[in-house]
Each structure stands twice: as C-alpha cells, then as structure tokens.
Amino acid sequence: MRALVVEDLLADYAGCAVRDIDTPDPRPGEVLVRVRAAAVNFPDLLQTRGEYQHKPALPFIPGLEMSGDVVALGEGVTSLKVGDAVVGGARIGGFSEYAVSPAAGLRLKPEALTYSQAAGYAVAYLTAYVALVRRAQVEAGEWVLVHGAAGGVGLACVDLAQHLGCRVIAASASDDKLAIIQRDYAPDAVVNVTGGFREAVKAITGGRGADVVFDPVGGDVFDESTRCIAFNGRILSIGFTSGRQPVLPVNLALIKGFSVMGVRAGEYGRRFPEKGAENLAMVDAMAADGRISPHVSAALPLAQWREGFDLLANRKVVGKAVLI
C-alpha cells in the first residue's frame, strides 16, 4: 500500500515521504480499513516535527481521523463486519491506503455524511458539544460569539450553536472566509475582528454583549472578549492559536459577573466516561439525522499531502481539509 511515512522529525515536513509499504494485518481485536478519506489536523502537522504530546516511534504514519470501509477482521471482533463503512482513529495512521485500528475505536459512518465529511467531524463537533452543552450549558436565544469561526472546531461551534437555538455571531479576520460562513451557515451576524470587535458585538446584541464566547484564539482576542461579555456570561477557553496565553484581571470577572471555563473534550470524556459516551452518541445522532453539516473546503489525493498540510498551516482552510 501507499502511505505517508514520517521517517525523521524535521521542520517543513522534510522527514515525510509517500512510500510503498506492506499492507498490515489486523491483530486480535483490530480491523483493517480501506481508507477513503483522512482529515488533516494541527496535531498531525505537529507530529511531523515531534512537537505534539503523543510521540510515536519512528517511522510512523500520521493521520488521527479517518473514514473508510472494513476489509478484514482480527480475531475476536464481533462489533463490525466486512463491508461496514466506519469512522474513527487508527493505530497505523489514516494517511495511508489501508489503516489498522482497534475495533473499539471505530463507529459506523453516519449515512448522511460523505466519506470526506465523516473523516473529520467527530473531534470538532465533540469539542463544540462539550463546550456549549456540558460547560456553558447554553440556552436557546442566548448570543454566542464564535472566534476562529472558519476553523474546523469554530465552524462546528457555529453549526451546533444554531442547532441548539442560539443566536450566533461568527468572527474571523478574513472577509472571504466570513462570506463562505454566511453563505453556507447563515449565522445571525458576522464580524471581522481586524481592528477590534467589541463595539460591533455590543451593537449586534443591543448593548448586552455575548452570553457565551467560544475562544480557540486567546491573546488579544480573549482580552477584548472580556470587554463585550454579558453579565453572567461564560468565556470558553479552547486554545491559544494566537500564540499568547492571556492573563485575566479577576476584578473584571468580579465586576461583570462572568466565568472563564476551560474546555478539553477528550479529558472530559476520560473523567466522566458515561457522559463522554453520551456526548459522542449525541454528535453521531445529529450527524446521522442530518442536523449538522460539516464543511470540507479541500479534498486532495494522498500524493498532494504537502498542499493539504500547507493549506492548514497557512490558515487557508474553512472547516476541514482531507486527503483522499
């Protein structure tokens, strides 16, 4: 089979190459999947440089999320059958023509989603679900300001918040990306954060401010969000793509009566396994019913893996990029 192999941990993906390697056999409890699509995520890029917390032994195949068809079963697997269309993670990564995964790490692909959509919806929508439902406990009619709205997780939050009956303000630094979001998701408002967004958010919400702020950016975006958060509001801290971890003057939280909540969807599921299973089941049910609409802005063949990586690294992606 052909696979993208990380042979050395180097900058600019210099240690990566597409190679012909033996197709693996599934071990007991595992299945072999013919990969139809694999999502490109920032952790995949970080792994090529050894900068992600999970550091596989060299050489390895990256690709944390994929979709495909079961073609062989390891001993003892009864939860799946050959021919099943599945989604999930892989022991031997998704950037390959075939991947091996524990059967327990795979789920049936929602029929309403294409393979490309299915390859990358779970982590993004699970993060959005834990943030909005478990942490912020949003209510219908509340204003939700979504920063980084064109990213995979941000766009999932825009989509999910609308499904939950919230009023959504999609925020980004790109007018082109906001135009795509407006066209495909029709949020209540869009805001270009370049040059500031506080006054725009205040005006959109009638002076109230946002009840919930979804913030994967941090830095200056977090700082300004504290200035346009409603009383009793909740700021959801998802990450720091700006590169700066902000510091909160707690007198602001006291005076304005707002909370800052950290969101780690995976850790939430590990700490509360029953709720974690419920979260994933709910996301899958919404996907199966067509209530959510994952957006894929680029679907590239495996041979164009570098282009896919660069699209994500240079923030050219709206929603997800996948390798076919």
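**Salt bridges and their surroundings**

A: The side chains of Glu267 and Arg271 meet in a salt bridge, at 2.7 Å from N to O; the term denotes a side-chain nitrogen of Lys or Arg within 4 Å of a carboxyl oxygen of Asp or Glu. The model is predicted, so local features need pLDDT of at least 70 and side-chain atom pairs count only at pLDDT 80 or more, while totals for chains, interfaces and linings use all residues. Residues are numbered from 1 along each chain as its sequence is written, and side-chain values use heavy atoms, with hydrogens and water left out.

Glu267 and Arg271 both belong to helix H9 (residues 265-271), where four residues, about one turn of the helix, separate them; helices (H or I, at least four residues) and strands (E, at least two) are DSSP runs numbered from the N terminus. Glu267 is buried at 19% relative accessibility, whereas Arg271 is exposed at 61%. Here buried means under 20% relative accessible area, exposed over 50%, and partly exposed in between (1.4 Å probe, protein chains only). The pair also belongs to a network of salt bridges that links Arg264, Glu267, Arg270 and Arg271.

Across the structure, the count comes to 20 salt bridges. One of them joins Arg36 to Asp69, with the closest N and O atoms 2.7 Å apart. Because Arg36 lies in strand E3 (residues 30-39) and Asp69 in strand E4 (residues 65-73), this pair ties together parts that are 33 residues apart in sequence. Arg36 is partly exposed at 33%, but Asp69 is buried, with a relative accessible area of 11%.

Another salt bridge is formed by Glu142 and Arg234, whose closest N and O atoms are 2.9 Å apart. This pair links distant parts of the chain, 92 residues apart: Glu142 sits in the loop between helix H3 (121-135) and strand E8 (143-146), and Arg234 in strand E12 (residues 229-237). Glu142 counts as buried at 13% relative accessibility, as does Arg234 at 10%.

Residues up to four places away in sequence aside, His295 touches Leu155, Ile180, Asp184, Tyr185, Val318, Gly319 and Lys320, contact meaning heavy atoms within 4.5 Å.
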